[in-house]
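Have the structure open and follow along.

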Protein chains: 2
Amino acid sequence: MSLTYKGAGVDIGRAADALGRVRERIARTKRPEVIGDVGQFGGLFASPGSDMTLVATTDGVGTKLELARLLDRHEVVGADLVHHCVNDALAMGAEPLFFLDYFATSQIEPAVFSRVVGAMADACARCGTALLGGETAEMPGMYAPGTYDLAGFLVGAVARDKVLGPERVREGDTLIGIPSTGLHTNGYSLAREICARVAASQGGTLKDVLTAERSELGGHSLGDALLATHRPYLREFRSLRDAARVGAIAHLTGGGWEGNLPRALPAGLGAVIDRGAWEVPAIFRVLAELGTVPEVDQWDTWNMGIGLVVIVPESDAAAALRVVPGAVAIGRVEAASGPRRVRWAA
Amino acid sequence: MSLTYKGAGVDIGRAADALGRVRERIARTKRPEVIGDVGQFGGLFASPGSDMTLVATTDGVGTKLELARLLDRHEVVGADLVHHCVNDALAMGAEPLFFLDYFATSQIEPAVFSRVVGAMADACARCGTALLGGETAEMPGMYAPGTYDLAGFLVGAVARDKVLGPERVREGDTLIGIPSTGLHTNGYSLAREICARVAASQGGTLKDVLTAERSELGGHSLGDALLATHRPYLREFRSLRDAARVGAIAHLTGGGWEGNLPRALPAGLGAVIDRGAWEVPAIFRVLAELGTVPEVDQWDTWNMGIGLVVIVPESDAAAALRVVPGAVAIGRVEAASGPRRVRWAA
């Protein structure tokens, strides 16, 4: 029998069909700097001036994908991918300009694809970010049927003299924490393993565990809590930038507190955090208890309720707190030595 | 038993170790525009002036990954990823500026990771492209053990009035073809299916089929031919840009001729191609024969020996051919109607 590309499991037309379903939502992300149309070999975007610095970042959403698939909540991971990239860019002081996505699967299901990429487009539009291009790959045999992976790429820009970073941070500066909506997009392999163990011990399915209502979660299910959208901090970033002299920002993602906060601190300095300054959300407490997760592993894996830490001079802290609802002063910058630079206040 | 992130299969330290092995090779890709160090939330790059247009592209390498893994040739796909992106950018007229990668796997094997990402870094260095950042994701359970996927993201720049594209193409223009090194990074699901069928019919393994020496391939194996590196056309692009008025460029990737050449042509125009102008390389003939692949599917899937098609005014064709060794005039632009815009000369 003769073989064709379609026969080998790859259907170019299917990708085109899937893309056609979201074309209008992608078009709504267009900014004045975007030149020409989708379909070229590269997306075109008018360069900002040479007084600007480009900020480029790439992210995935990890195994939260598996939960989204299991519970048929594909929109969540599409929005997550954009928000994760936007938050990484603003951590450097940048406004987002444009975004590209990579969507890989065994065989495109146009209905699923359009939900994921449509949600990406909507998230881009809300963040004022052009969805400038993407790659859709059918890789039969490499991905299990129904599974897919996502990667996002975002370029933003910041005035050259406004780039945030450790060199702007001083001992005594105040750390402002802004709440997360949950795990965001990190630590899901641990969360899933915990849920899987619970399922095994109860003799039920993973889906049962994820969909059962729980009083500790205010009647919500683990699945609801785990599939909260990774929150974008763009509005809060803009308010803070206008109200205070922001020195550096840490986006608390993979690696939790110790893995991210030091990236915003210069050598020789660390942070002391008062964990009593906010209440750790129930989802983290429930997961930690169900998995008997040691405290150090909780804080080295999850954001524990704070998604973004913004560092400002002590004299600007009050102004900063005023402009961001829900923000709390969680600690300050101090001298530090040794391998761990985040210290918990007694 | 208590659970940790490590216990759930994700080891942040392993990723850091893997990255440490290639840090020096990444450092060698640094350009003067790169600001600061790796490890921040986003890579920083001085913006080109506002007289420039940014060109952004994202690509994967498809299921060539599976062959690279089977035959332990991980370097190939690392270089492929960079070259694919570079070629897409130059198809718009752009020089590459910086590159970011996404590497996702079940559990990082530092030895494999450093071979893949090291090869990416070396390819970036050769193309004068800064490797500005990347995301390394461990997703246990989502990827089968030992498998990984890659996505690349590249930003280039071109003077605003030098962007290439269909609007610069006229009826009668000449098409210049530049040879490929093989399948590059497209049509591997078909190629793999063909090889798998041969293995099944011979009662051998896929690896046997891929490693057997073949007289039709000049004594090389199918694996050798299929794992030739996707060729970068940067040097040829620069020579052509200096020697001729290039109108548009088509990078022949997924979708073969009909899927890509029309992207370089304005509405109402098509291309007539003289397939006698070059010899289709043996690997395509061997695959087509082994799989009894219909001719239309061969040309709609593979590049058939031409990786880049450059469109120049007829009066510039001789000059263009002079500066690129191996380039051949393969056809011209003509009026076209109907769904297919690539016509084969009788």
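Start with one pair of residues: Phe98(A) stands opposite Val155(A) in β6(A). Helices and strands here are DSSP runs numbered from the N terminus, with helices being H or I of at least four residues and strands being E of at least two. Two strands count as paired if DSSP finds at least two bridges between them.

Before going further, a word on what you're looking at. This is a predicted model, in which local features need pLDDT of at least 70 and side-chain atom pairs count only at pLDDT 80 or more, while totals for chains, interfaces and linings use all residues. Residues are numbered from 1 along each chain as its sequence is written, chains are lettered from A and ligands numbered from 1 in the order in which they are written, and side-chain values use heavy atoms, leaving out hydrogens and water.

Now widen the view. The sheet is open, has six strands with mixed pairing, and runs in the order β5(A)-β4(A)-β6(A)-β3(A)-β2(B)-β1(B). Its edge strands are β5 (130-138) of chain A and β1 (34-35) of chain B, each pairing on one side only. Where do the chains join up? β3(A) pairs with strand β2 (residues 43-46) of chain B in the antiparallel sense, over four bridges. Within β2(B), Gly43(B) is the residue opposite Ala56(A).

There's another open sheet of six strands, also with mixed pairing, ordered β1(A)-β2(A)-β3(B)-β6(B)-β4(B)-β5(B). Here β1 (34-35) of chain A and β5 (130-138) of chain B stand at the edges with a single partner strand each, so one side of each has no neighbour in the sheet. Strand β4 (residues 95-105) of chain B and β5(B) run parallel, joined by eight bridges, and Phe103(B) sits opposite Thr136(B) in β5(B). Helix α4 (residues 74-90) of chain B packs on this sheet, touching β3 (52-59), β4 and β6 (148-159) of chain B, and its direction makes about 30° with that of β6(B). Helix α5 (residues 110-126) of chain B packs on the sheet too, touching β4, β5 and β6 of chain B, at about 170° to the direction of β4(B). Phi of Asp72(B) is near 55°, a positive value in a residue other than glycine.

So much for the sheets; what about the interface as a whole? Some 79 residues of chain A are in contact with 80 residues of chain B, contact meaning heavy atoms within 4.5 Å. Together the chains bury about 6,300 Å², 65% of it on carbon and sulfur atoms; buried area is the accessible area (1.4 Å probe) lost on putting two parts together, summed over both. Over all chains, though, the count comes to 32. One joins the side chains of Asp300(A) and Arg340(A) (2.7 Å, N to O).

How values were computed:
Axes fitted to C-alpha atoms, helices over the stretch in contact; angles between N-to-C directions. Salt bridge = Lys/Arg side-chain N within 4 Å of Asp/Glu carboxyl O.
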